[in-house]
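The model is shown first.

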Amino acid sequence: MKRIEPLNWLFMFISLPLILLLTLPLIKMTFQPSVEMLKETICDKDVVAAIARSISLSFLAGILSFAMGTPLAYLLARKRIIGKRIIEGIIDLPIMIPHPVVGIAILSLAGRNHPIGRFLSDMGIQIMGTKTGIVSVLLFVGLPFYVNTVKAGFESVPVRLENASRTLGAGALSTFVRITFPLTWRHMILGIIMCTARAISEFGAVVIVAYHPMTAPVMIYERFTAYGLKYSQPIAVWLILISFVLFVVLRMMSKSIKH
Amino acid sequence: MIHLKNINLRLPRFSLDDINLRINKRDFFALIGPTGSGKSLLLEGIMGLIGFSSGSLFIENRDYTRLAVERRNLAIVYQDFALFPHLNVTQNIFYGVRYHKIPKPVAQKRFDFLVSSLGLEKITQRSPQNLSGGEKQRVALARSLIFNPSVLLLDEPLSALDPMFHEEAKLLLKKIHDELETTIIMVSHNFSDVLYLANRGAIIRNGQILQQDDIITIFERPNSKFTASFVGMKNIHPIQVHDKTLIVPDKKTKISCAHTPGDTDQYMGIRPEDISFIDINSNHYGNQYSGRITKISSNGVFLNISLDTGDHCFEAIWSRRRIQDHGLEVGKTLEFGFLPESVHTF
């Protein structure tokens, strides 16, 4: 049997409280509501709609981050851009700033007092209290997770492979499609999962931009303030369970797809 | 055929300065220099992966200076071979075919020829990760040669290989050049590889070309102290010239030379392997001395011997067998010599 180093025992001992801190409250909450309560909650059309809305809009934010964040991640990984460090800092900003501030910032831009807000309004696009507003906010908070994951993916592909492709006659786009993309798509899937996961959990920014239509975190907060812990917990349990199953399936899919 | 004219390339911490090179069709041309001399940079510039700051590149009288890399019809084989890890050997070899508008039957014929002549028959379905260094190199060569490039560029093709594959790869490169008559530009820092493979070459140092000529000429008549040292010459000293006799200042040693040194020649050099141990009375060497062994150090199969005549110190390379047979050791005095033809001036 392989001997475990004393240092590893020490590290495991230090890590244990952290694991417990992460898992105990969730386990406690998951087993708190009765089966009857869980059944009743999942039969509630409003709850199902809120969870479905949370997941679908978060996934849409993940897809948008793939479409818009991939070129940005590529530029940051491959090109020498003036102010690259500043751009990287800006991308990380949503991780640092309080999320209600994100909501307020987006609203101030989308209001009638701002030219962008007026332009969007003239185009028939509403941010306040709409799904568009929710997706904007979710994209804002989830984008750093996508860009940073995919940037690391691009950095892991040697530039020499792209150069070799160019010397064999392939253009820049062809090289991206035939070399860079096949070697980084797993990072993109992981980035979408990270962005979607972050978006599902978002509350602070969403509640300011769109209390309605209600997402699951907003509904959990509403039930908690109006009816107390007992009525908010089952929704949280269902959100955690569904999200967990979804992400496990996505990860398994991304691993099982052969090159 | 290939003409680099007044090429300059400025980077933040390095530059190529006023490079002028002429490479003939079907040449096996070697760019030789130490690490960091700019030889790989020049290769990437020829390939079009880096733009030159000024100057021009002509290949068969066509201006390539601003031509996009993918339109140059040149091919490069990197030191690490840069095989695409997500494609198998066959897919790697066929990668460039579609961009060169080669009809499928023609491409298939070339593929079959290359697979057979490079001995890749058994590994066509393998992934690059499961190949040895030698196999990777042969796949990279096949991938480049399938579209019949006008010039094949090789970036240190032998330095990443195990000694076991090194000789095999040298023979293969020679065979490719001889049979396909491809123009090859090879970057190397190993002069013995270059001596075997190339017919012409250039010595590059700190981004400047020091000498370009036939390889044999560079080997026998280096034009600078650096080149002489780089091509394996030792015993390099400043000289005073009196007809065909050279005097090493301060050392008072007189050395006979077979040729009359040029007016600009300031140094002489003798290859250590040209200095012979004399075990019987003989004066046919022209330059003959008695000296004491001051140092013996290992040089792999051979040994480096330092010989002190009292006025001058010479460095020789002899086999271990010769040292053992004659019981040579540090402190022992012996006769040694070298031919006037072995004395090079520059």
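Two residues are in contact if their C-beta atoms, placed from the backbone, lie within 7 Å. The model is predicted.

## Helices 4 and 5 of chain B

By that criterion, B:Gly133, B:Gly134, B:Gln137, B:Arg138, B:Leu141 and B:Leu145 of helix 4 of chain B meet a set of residues in helix 5 of chain B, namely B:Phe165, B:Glu168, B:Ala169, B:Leu172, B:Ile176 and B:Leu180. Sorted by class, the residues of this contact of helix 4 with helix 5 of chain B are 7 nonpolar, 3 polar and 2 charged.

Helix 4 of chain B covers residues 133-145 and helix 5 of chain B covers residues 163-180; the two pack at an angle of about 15°, and their axes are 10 Å apart. Angles under 35 degrees count as roughly parallel, so helix 4 of chain B is roughly parallel to helix 5 of chain B. The crossing of helix 4 of chain B past helix 5 of chain B is right-handed.

## Nonpolar cores

The largest nonpolar core has 82 residues. Those that touch the most other members are B:Leu31, B:Ala142, B:Leu153, B:Ile185 and B:Met186.

For B:Leu31, leaving out residues up to four places away in sequence, the contacts are B:Lys39, B:Leu42, B:Leu43, B:Ile185, B:Val187, B:Ala202 and B:Ile204. One of these, B:Ile185, is also listed among the core residues that touch the most other members.

## Chain A

Chain A contains 12 helices and 0 strands. Along its principal axes, the C-alpha trace of chain A spans about 70 × 65 × 30 Å.

Of the 259 residues in chain A, 35% are buried. When contacts in chain A between residues at least 6 apart in sequence are considered, 76% join residues at least 24 apart.

## Interface between chains A and B

In the interface, 14 residues of chain A are in contact with 18 residues of chain B. On the chain A side, the elements that give two or more residues are helix 8 (159-167) and helix 9 (172-200). Helix 8 of chain A supplies the largest share of that side, with 6 residues.

By class, the chain A side that touches chain B consists of 7 nonpolar, 5 polar and 2 charged residues.

Technical notes
Residues are numbered from 1 along each chain as its sequence is written. Chains are lettered from A and ligands numbered from 1 in the order in which they are written. This is a predicted model: local features need pLDDT of at least 70, side-chain atom pairs count only at pLDDT 80 or more; totals for chains, interfaces and linings use all residues. A nonpolar core is a set of buried Ala, Val, Leu, Ile, Met, Phe, Trp, Tyr and Cys residues joined through C-beta atoms within 7 Å. A residue is buried if 20 or more other C-beta atoms lie within 10 Å of its own, exposed if 12 or fewer, and partly exposed in between; C-beta atoms are placed from the backbone. Helices (H or I, at least four residues) and strands (E, at least two) are DSSP runs, numbered from the N terminus. Ala, Val, Leu, Ile, Met, Phe, Trp, Tyr, Cys and Pro count as nonpolar, Asp, Glu, Lys and Arg as charged, and the others, Gly among them, as polar. Axes are lines fitted to C-alpha atoms, for helices over the stretch in contact, and angles run from 0 to 180 degrees between N-to-C directions. Angles under 35 degrees count as roughly parallel, over 145 as roughly antiparallel, 65 to 115 as roughly perpendicular and the rest as oblique. A crossing is left-handed if the near helix is turned anticlockwise from the far one by less than a right angle, and right-handed if clockwise.
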